[in-house]
Amino acid sequence: MDQLWLSAPALAIRVWRDDAKIGWRANSTALDWAASRGVGTAQWQALADELAARCEAGAERGALGVQLGGEALRCTVVPMGAGWLVWLVPRLPAATPPQDNAVLERMRAQEERSSKLTRAVNLASVSVWHIDLATRRIQYNEQGYRMAGMAPQPEGVPLDAVRATIHPDDVAAVVRAADEAMAGNGVIDVEARYRQPDGSYRHLLTRRVAERDAEGRVVALAGISIDQTQQIAERERARALARRIELITQAAGVGVWSIDVDADIVEWNDQMFRIYGLPPGRDAPTMRHLMTQVVHVDDRGLVASQRTLASKVGHRGGLQFEFRIVRPDASERWLSTWWRREMSDGRVMAYGVTLDVTERRNAEVQLRDANERAVLAAESAGIGTWERDVRTGASVWNAQMYRLRGLAPESGLTPEQARLAAIHPDDTEDPEERFAHIVAKGVGFEREFRVVWPDGSVRWLAARGIVQRDALGQVERVRGVNWDITERKRAEQALRDKSSAEQASRAKSEFLSRMSHELRTPLNAVLGFAQLLQRDPDDRLNARQAERVDRIHSAGLHLMALIDDVLDLASIESDSLPLAREAVSVQAAVDDVLQWCAPQAQREGITLHVAGTPGWVRTDPRRLRQILANLLSNAIKYNRPQGQVWLDVQGCTLRGDASWQVRVRDSGRGLNAEQRAHLFEPFNRLGAEREDIPGTGIGLAIVHHLVQLMQGEIEVDSEPQQGSEFRVRLPSAPAPNLADAGERDAAQAAAAASADALSVLYIEDNPVNVMLVEELVAMRPNVRLLTAADGASGVALARAELPDVLLIDMQLPDFDGLEVLRRLKAEPSLSGRTFIALSASAMPDEVRSARAAGFSDYWTKPIDFAQFLAGLDALAAALNSPQGASRSRTQPAPARR
């Protein structure tokens, strides 16, 4: 501090009290000025005494006026340690003689220099202070009090009070600096933080030096303090910013670098080392090393060309490019660098940042591959993609969009032209209006529409699209896909057709079921009573009556056969025709059919020729006779007058297995190719409906289906005017033991003849049918018949009589046969009884439903006398079997058939 005022160009004197004596010291500028005016030591001492007295009396600093060497001086007092530092400024006289102008000019210059020094000290935020070690008080100049945030005190501020404001972390450093200053003669600096009245801290750089007395003892510390708060704050902000930048670059994986191009000196941040797979803390590789050892060999030319280009761009701009490097572990990485060159202090410098973009490049490759796969998949799946700009109206199509409309992608048509060219004529909606509606609605859409190909064919397309919006939320484009749904549409139409066909089939089946019931009911009476007339031993018919009854019976059988054919065809079409699987004699079936067809052949003048070897096939005996009857009947009907029919049976193979072939050949009109193509279609008589030939056109359709159901084959050869030949092959079956069967039938007949009476309850509302059954049952003395006219009375009679067998009509006036069965089966006393449906409803579905409900058997009307009586005999025999005879007639019996 002393060096500051002692070397100052302004007049200055330091004054202090040493016990009762006043000490003083003037700087060289003041001594020179005083010597020029003859001022001696005594005058200086007098000035010091006056200044000390006035300062101790509390005179206002800066307002003191004194005399020295006959001149008036204006004083600026700065408390310092145990005394005061006083700056002396001579006052200019009101009038100055010309001979003293030089002196006045020097005085003015001195005063100006003193003023500037004071301003400089204040502007530089320099605090001048003095610590009296004896009183442990510190004196500040005016700036010092401001920096300390304290009010000026004439006696100074206690040193401990000042040190109490030092930041706790800095107290030790300040004390240590004071000790070092007192231990030596040098200047000691220290930085410390001082608390302000508002709680904030001011950073001060303090410089101190020890003052010693004549014996060399330290009596005070003098010094200055410079406020560095702003500089330190800026420095800390710079450090924090640098640290944040470093953290950001590390977090973002950004490498920062610079190159002294001329000296090939490279500087990297730590992230650059990480990017290149090198440990940080070492010297960065030179550009020569990077170019020859690190940059991928395939990219070195690119990097070199970019460096050359950067040198040309210079300060006007920079470059960005991507290249590969090879790390020490041999892994390849993609880097993206931003590069700029400029002149700095006469040297060429390059600056830039580098990012590792390997993952992004890999993702781009994967995305490109995925896009290529998506395009390939879309093209393979026939998916067309499109987009349309809402603002410009321009559309972009891929190639598949053209193909979906039967157009070549290279046709030269714009999407708008292709769209208009393919519009279906029945689609009246304006495409532009539809698109405007989509944009206005602003959401995705789906639609199906038709297009017309150039060849005139119509295809169905589906469209699905989404809208895309800009940053303001406005729709800017619409994107979507098209794909062909023609096959799906056809399948849907086929399902609708199938549903309609099934509905029609059900309606047909219901109609046939009703017609079957309505026709079978009167036929039951016709055929039944015709058979009674033929069989009545007590009332024999004469020859003429017998012929008439035979004609009635024959006509009834023909009508019955027609009804059966229709029902069989309906059953076959619904896959519900039941078939038995047993060994059947082909010869026996042929014999039966010949008995039926021989009269027809005789009437038509047709000669029948039968030959072949008898054999056995596994099939349904009734259906085999139906096949043979249809083939033989057609051969007779469609023959020429005096024609021939040949029927023979021969062994053959069918799909490698033993089988039997039945061949029916005629000499009739034959069939052409077109007729053969429609031969097995039901109700198609191939033109015969225009002639007087009876038939329905369903016989051969039934034959064809029956042969397939029997796992057989049917073939046809026919030529116009040459006749036709039908060949049916059926799987072979071993012949049964006929002797055992005969013995079994004889035993069953004998058992029936000697059986106990069989009680039968017949629930039927039609009196004619009841009468017919009564006539039949009368032929079996061992059968007792009970009848009821409706379901309710039948259930009541069954509970009372406990019959062995219940014959139930399926259509009764109060409730149907299924409900009758449910009520009867609910009766414990009727458990084990035999329940048989006897109905004119003979559709397969109805038969299956009845059996599923619990009926033991299903007998149809018209009643076949032989089968009906055989069924009664079997039931009577079962009743008298050991199992049936062991139970009481009033106790539940085991179920039997």
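Helices (H or I, at least four residues) and strands (E, at least two) are DSSP runs, numbered from the N terminus. With those names in hand, let's walk through the model. It is a predicted one, where local features need pLDDT of at least 70 and side-chain atom pairs count only at pLDDT 80 or more, while totals for chains, interfaces and linings use all residues. Residues are numbered from 1 along each chain as its sequence is written, and side-chain values use heavy atoms, leaving out hydrogens and water.

Strand S1 (residues 11-18) and strand S2 (residues 21-26) run antiparallel and are joined by six bridges; two strands count as paired if DSSP finds at least two bridges between them. Arg17 stands opposite Ile22 in S2. Two residues lie between the strands of this hairpin, and Asp19 takes a positive phi near 60 degrees.

Now move along to an open sheet of five strands, ordered S23-S25-S26-S28-S27, with mixed pairing. Its edge strands, S23 (607-612) and S27 (713-719), each pair on one side only. S27 pairs with strand S28 (residues 723-731) in the antiparallel sense over seven bridges, and Ile714 stands opposite Val728 in S28.

Angles run from 0 to 180 degrees between N-to-C directions, with axes fitted to C-alpha atoms, for helices over the stretch in contact. Helix H18 (residues 586-604) lies across S23, S25 (644-654) and S26 (657-666), at about 170 degrees to S23. Helix H21 (residues 699-709) lies across S27 and S28, running at about 140 degrees to S27.

Terms used: Contact = heavy atoms within 4.5 Å.
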